Amino acid sequence: MKLNIEYNDPILDSGPNDTKRLPLIMKILALLCILQAAFSIIIEYTYLFTFVYQLTHGATSQNSTTIIILYAVFLAAMLVMIVGLMMLGIYMLCNLRRLAAYTSTIVAIAIGLAAVTDIMLVGIKITSFILLLTLVILIAFKSYIDPSLSQERKLQKKLKNMQTKKESEEGTLGLSKKGSGYAELNYFNIIWIFVTCCILGYIVEIIWHMTVDDPGVYQERAGFLFGPFSPIYGIGGILMTVCLNRLTKKNIIVVFVVSALLGGFFEYFASLFLEMSFGVKSWDYSHLPFNIEGRTSLRFFIMWGIFGTVWVKLLFKPLIKIINKIPWKLRYSLTVIISIIVFVNALMTLQALDCWYERSAGKSQNTPIEQFYNKYFNDDFMHKRFENMQMNPNAATRGTDQ
């Protein structure tokens, strides 16, 4: 029996969807968005005072100039988030769901930028959890933003599952159907690409150290508290995939150049984030020619170019096919499990780094969370787990503003 099913995204469909009755849950989420925007104004107001203080006292050093820039970026991102959340709530209360869908994407980007700069300025504090709560509200919002009614949502889910099973049997699951690249960059593909690249990067780092940096000597190269994961490579893999998905058929030179630039500058900003946020340095290329502040160098631009080219031309397509061979009945539950593992691992790693920094900086740690990390993830554990990391609390941006 031939099964022909066309599944359209109801958010982007035009028509009478916006005129249908707004579910109660959407009204609650819309009000939460507006309340969260109003509450975030307090955070913006508080940080504005610090920004003005930094500005009026003058940028007497390169580090203080960096702090001013970070505060400016944080304030701008928070302003976009506040306005976006307010508009998001209003759009939904007015039942303008397609506008709400577009706005939610902008808000998500603003939240991410605000979270990164906030960690660089003050570490893992209450603001970080407020931003996380905002992101949770936004995710819940997007999960219900489908303009259909409940019964129609169930029908669409059933049709989608039937289509997924059909594509799985045909071997076309995960491949792009709209000419927007080789593969569909949905959450399922992205999370498994992240995990795969984390593990491959972990293995590559160990081999590189044992053969090039210090022949014959094993060194732990993990980036998470638990498991064989190197998140730098995981995020880099996602970045390469998203940016190069459309270039799978392009000339190899184009792929190499784009990969080199993406990887090199990503490595630079990853190093900058870790050092400014937690005072840790995982690599230093100051001894190499044509380096940029020791955070990246021409050699590693070239290596990222090679990695990206191999990824796009040789590994990406087979990996997508392997990922999408996961039995369709198990794919959702397995993806949820691996997502929880990654999220908890990442959150605990950031908190452990934050407590490690505060211990090294001589700051008091009295909260239950801090005492937990001091007991189970003390300095000895951190040194053994992250052998390639060097802690210098004075290098952190927040080490100079408190």
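Modeller: Arg295 counts as buried, because its relative accessibility is 11%. Buried means under 20% relative accessible area, exposed means over 50%, and partly exposed is the range in between, all with a 1.4 Å probe and with protein chains only. The model is a predicted one, so local features need pLDDT of at least 70 and side-chain atom pairs count only at pLDDT 80 or more, while totals for chains, interfaces and linings use all residues. Residues are numbered from 1 along each chain as its sequence is written, and side-chain values use heavy atoms, with hydrogens and water left out.

The side chain of Arg295 meets that of Glu293 in a salt bridge, at 3.4 Å from N to O. A salt bridge here is a side-chain nitrogen of Lys or Arg within 4 Å of a carboxyl oxygen of Asp or Glu. By this rule the model has 4 salt bridges. Another one pairs Asp379 with Arg359, at 2.8 Å from N to O. Asp379 belongs to helix H12 (residues 379–385) and Arg359 to helix H10 (residues 331–360), so this pair ties together parts that are 20 residues apart in sequence. Asp379 counts as partly exposed because its relative accessibility is 29%. Back at Arg295, salt bridges with shared partners join Glu275, Glu293 and Arg295 into one network.

A further salt bridge is formed by the side chains of Arg221 and Glu205, at 2.7 Å from N to O. This pair links distant parts of the chain, 16 residues apart: Arg221 is in the loop between helix H6 (187–213) and helix H7 (231–244), and Glu205 is in helix H6. Arg221 is buried because its relative accessibility is 12%, and Glu205 is buried because its value is 16%.

Glu293, the partner of Arg295, sits in the loop between strand S2 and strand S3 (296–297). The backbone of Glu293 has a positive phi, near 55°, although the residue is not glycine. Most residues other than glycine have a negative phi, and most peptide bonds are trans.

Phe290 also has a positive phi, about 60°, without being a glycine. Phe290 lies in the loop between strand S1 (280–281) and strand S2 (291–292). With a relative accessibility of 66%, Phe290 counts as exposed.

Phe290 is also part of a nonpolar patch on the surface, together with Val204, Leu298, Ile302, Ile306, Phe307, Val310, Leu314 and Leu315. Patches are made of residues with over 30% relative accessible area and no salt bridge; like charges are joined within 9 Å, and nonpolar side chains (Val, Leu, Ile, Met, Phe, Trp, Tyr) within 5 Å. Together the members of this patch have about 810 Å² of accessible area. Accessible areas come from the Shrake-Rupley method with a 1.4 Å probe, and for residues only the protein chains shown count as cover. Helix H9 (residues 298–323) supplies the largest share of the patch, 7 residues.

A residue elsewhere shows what a buried site can look like. Thr117 is in helix H3 (residues 97–122), and its 4% relative accessibility makes it buried. A polar atom of the Thr117 side chain lies 3.1 Å from the backbone oxygen of Ala114. Leaving aside neighbours within four places in sequence, Thr117 is in contact (heavy atoms within 4.5 Å) with Leu70, Val73 and Phe74.

The whole chain gives the setting. The protein chain has 12 helices and 4 strands, and buried residues make up 47% of its 402 residues. Its accessible surface is about 21200 Å², of which 68% belongs to carbon and sulfur atoms. Among contacts between residues at least 6 apart in sequence, 75% join residues at least 24 apart.

How values were computed. Helix = DSSP H or I, 4+ residues; strand = E, 2+ residues; numbered from the N terminus. Polar contact = N/O pair within 3.5 Å; in protein donor to acceptor, adjacent residues only side chain to side chain.
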